[in-house]
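My notes follow the order in which I looked things up.

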Amino acid sequence: MIDVATTWQQVCAALAGGDYDAAFGILDAAMNEARKPAQARLALYLGHLHALYGDAATTELEAALRAARTLDPALRDDALLLALSAELDARTRGPEAAAPAQSVRAAADPLARFHALCALALGEKPQDALDIELTSRDLPEHLRWRLRSWEADAHESLGQSAEAAALYAEAAHLASGVNRAVMLQEQAALHLQLGQPDAAKAALDQARPLYAARPSPDEAEEQGLNLATWHYLRAQALLNLGQPEQAHDMIREAARLEGQHGDPSYGVALVRGQVLTHLGRTEQALEAFETALNLSTEADRPFANHELGVALLDLDRPVEAREKLEAALADPEYPYLPEVLADVAECDYRLGRLPEAQLGAEQALAQGAVIPASLVLGSVALDYFQLDDALEHYERVIREAAPGSRDWITAHQMAADVLAQQGFPNPAAAYAYAQQALSHTPESDDWHVTLQEHLRRAGDLLAQQGAQGGRTLN
């Protein structure tokens, strides 16, 4: 006589050790010996096992649920069957699927509540998923990290990235092997969204040793794609930490692994373009962004068009740049619309359309794109010979931009130059701006000689002031 509860415990023990073949074997053997009512319950557990494979096993999940209903028609109202059916519906129909009933969400069986949570998350009802009362202690070991992962996904859908990152960290703690690596990578991706590249790199450092040096043939493709993601995330972390050369090595390896184990992705092509831009290889960056655009979904397209527009601006092709930027501007959901407005204003400035450039930049500034809009406004003010206004715009960039960034350097260069054009009314400020800019300007740059002259002239004036006041310049 097969005892269903004992069989389930054996299945859970196999799954806790990551032995899915053993879990299927235990269920198959028990199904062959059990009587119909017990077979029906075992069919539900088989459905649970298929559900862990996600979208790849919807056909098998549907067959298991059909078998359970056929073997024991009384199970039609069983909470686990209803929860698994809701998850299957959500996997196939998304937000159009019927949500599990409240009785299923509050079922006594924690396994049913788990699959109800999955159904709600898949059906794009993240808050309803989070409202289900379920703790990791309620579940067998193989589901504890998965629960935290689903909860993290729900928080992420609600825009709660910090909460999601913390839950992915907990999921990683509860998982093992490659599953742990994947959870750490999800955590790293959120740290990147939150502007925390150091934390992202630390999570990735933990993930890399968890991959097998020689995976089995069955595991090789999945591991290769997960490793491609690891290199893709690592490239972003290194780029944000100011290490574009190392980032380039990472993104090249991500592309190689994608090509070997799957298909090229939009994300890898986009990051490759960003890395090449930072390396000053703008023509190659343009090719990468065009590839990203070709691979993009509708939701990704404005990001690719924006990057393409900026790359074309870097190549001084404002007409083509404006076309791509206007395509990005046409999507009202794009989160960087103020920055696009500022870039369109830059196009207008380069095309000699100063009133349009000023109006667009003022709109972008009002909407929060402080740095790019201020740079355009500074250029327009200079062309109108409004030197006080130009200096105000460049000083705003100096305050807001990241030290050492391209915009920060440009603003220092321009501020020093404006003060020079004004006849050095504030030689101390001119000296400071020129000194900061020089420390980040290579000798091969045309600005280097100009900045040296500004520094020398401001220094002479400061020395004269010091001599008149009985003090000398240090």
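I started with Glu124, which sits in the loop between α7 (110-122) and α8 (126-131). Helices here are DSSP runs of H or I with at least four residues, strands are E runs of at least two, and both are numbered from the N terminus. Phi of Glu124 is near 60°, a positive value in a residue other than glycine. Most residues other than glycine have a negative phi. Glu124 counts as exposed because its relative accessibility is 58%; the cut-offs are over 50% for exposed, under 20% for buried and partly exposed in between, with a 1.4 Å probe and protein chains only.

A note on the source: this is a predicted model, where local features need pLDDT of at least 70 and side-chain atom pairs count only at pLDDT 80 or more, while totals for chains, interfaces and linings use all residues. Residues are numbered from 1 along each chain as its sequence is written, and side-chain values use heavy atoms, with hydrogens and water left out.

Next I checked Phe424, in the loop between α23 (406-421) and α24 (427-438). Phe424 is not a glycine, yet has a positive phi of about 55°. Is Phe424 buried or exposed? Phe424 is buried, at a relative accessible area of 11%.

Then I turned to His393 in helix α22 (residues 387-400). His393 counts as buried at 13% relative accessibility. Its side chain makes a polar contact with the side chain of Arg396 at 3.1 Å (a pair of N or O atoms within 3.5 Å; within protein, one must be able to donate a hydrogen and the other to accept it, and residues adjacent in sequence count only if both atoms are side-chain atoms). Leaving aside neighbours within four places in sequence, I found His393 in contact (heavy atoms within 4.5 Å) with Ser374, Leu377, Gly378 and Ala381.

Last, I looked at helix packing. Helix α10 (residues 161-174) packs on helix α11 (residues 177-193) at about 160°, with axes 8 Å apart. Axes are lines fitted to C-alpha atoms, for helices over the stretch in contact, and angles run from 0 to 180 degrees between N-to-C directions. That makes α10 roughly antiparallel to α11 (over 145 degrees; under 35 is roughly parallel, 65 to 115 roughly perpendicular, the rest oblique).

For α11 and helix α13 (residues 217-240), the axes come within 10 Å and cross at roughly 30°. I therefore noted α11 and α13 as roughly parallel to each other.
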